[in-house]
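Okay, thanks for making time, everyone. Let me put the model up and walk you through a few bits.

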Amino acid sequence: MPQVSEENPVKSPKDHLLLRLGKEIQIGCQTDYLPQDELKRARSVCEQFPVTAEKMQVWNLWGGLIYLVSPPNTKVEGAEVVVQIAMPAPYYKSDDWLLLRTAPAPWAEFEFDNIILTVPSDVVRKLERPDEVAALWNDIMKGIADLAVIPHTFSRKERFVADVQISAGWMHAGYPIMIHTDSATELFRPDSAKTAGLWGEIHELGHNQQRSCWEFRPHTTEATCNLWSVYVHEEVLGLKREKAHPSMILTNRKNTVDKYVKGGKNLSDWNVWTALETYLQLQERFGWDAFKKVFAASQQMSSFPSENDAKMNLYAETFSQTVGMNLSAFFKAWSWPIDRATEEILCNLPPWSDHPMVQYD
């Protein structure tokens, strides 16, 4: 039997309004299609139905929360949706949690300012202070927005959805961000978040903020997303980077650089923690504000190159001009393909002559 979610509560169509808007009814939020040979659930457990009549009968063999899916920028007023023969689900937005947490459906949903968490109901039935969880995630999402230099009110709330099996990895980014049910309890422990951190979850939120104009795939795919992990842990959760992840311990960072240098500083090896170290060295010298200004400048670019070499030169130029210092030597020390034209553009700026990679020259 399908369950009821109060997310996106649109009101019911007396004049076929929803038909004209191209809405769909969705049952289930576990949208991952599983390609694996060994399965812990069916490959697909989500169903969608276009709204084709004022009264419809819909179902999903696997059950699931009920959603009304709208095209972007859709606004509906004065309509009402009536759901019959469905099971109420635990739901939290601002109040009445102590009553709603006993609702019988097996999936629960928490809606905060800029993020929605969907987890097994058993994970949260004993939760006494959802307001503290709300405060945690509202602060985290403000931190995500601050570094990305985007409005604090997201155009579309991010989502975390737990599942017994997902299509790739331990977690993966996208809409929704998918996590294993084993990780679901982590989302509801504010005290633990401030002592042990939420590296993986914020890593995935960082993925959703990556932009092509300053991404150099495949090198930075698993690197620049961690800028948000470091930023949120330090600036929001109050957890220093070396406490947030073992790879952030200073000796481990040094070993990462040493290995890269000893391997010949090949750009093909510049990825994940090695690539992140480049950005951390910049951050430790110029601060987070420099990154915010670079991200803001990138948003104003009407066009940008598609090739990595050209984009890396553009990034080096933009960062240099932002901080008022010629960073060509620094990026070249990391084996970035800085060309003569970029060096000439930056030649009038004072050089960063004591950058951290000088010791390896």
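So, which helix is Glu344 found in? That's helix H14, residues 340–346, where helices are DSSP runs of H or I with at least four residues, numbered from the N terminus.

Quick housekeeping: this is a predicted model, with local features needing pLDDT of at least 70 and side-chain atom pairs counting only at pLDDT 80 or more, while totals for chains, interfaces and linings use all residues. Residues are numbered from 1 along each chain as its sequence is written, and side-chain values use heavy atoms, with hydrogens and water left out.

Back to Glu344: its relative accessible area is 51%, so it's exposed. For us, exposed is over 50%, buried is under 20%, and partly exposed is in between, with a 1.4 Å probe and protein chains only.

Now helix H6, residues 199–207: 8 of its 9 residues are buried, so the rest of the structure largely encloses it. Among those buried are Trp199, His203 and His207.

Last, cysteines. With a disulfide taken as two cysteine sulfurs within 2.5 Å, the count is 0. Cys213 is in none, and the nearest cysteine sulfur, on Cys225, is 16 Å away. Cys213 is buried at 11% relative accessible area, and Cys225 is buried too, at 0%.

Notes:
Helix = DSSP H or I, 4+ residues; strand = E, 2+ residues; numbered from the N terminus.
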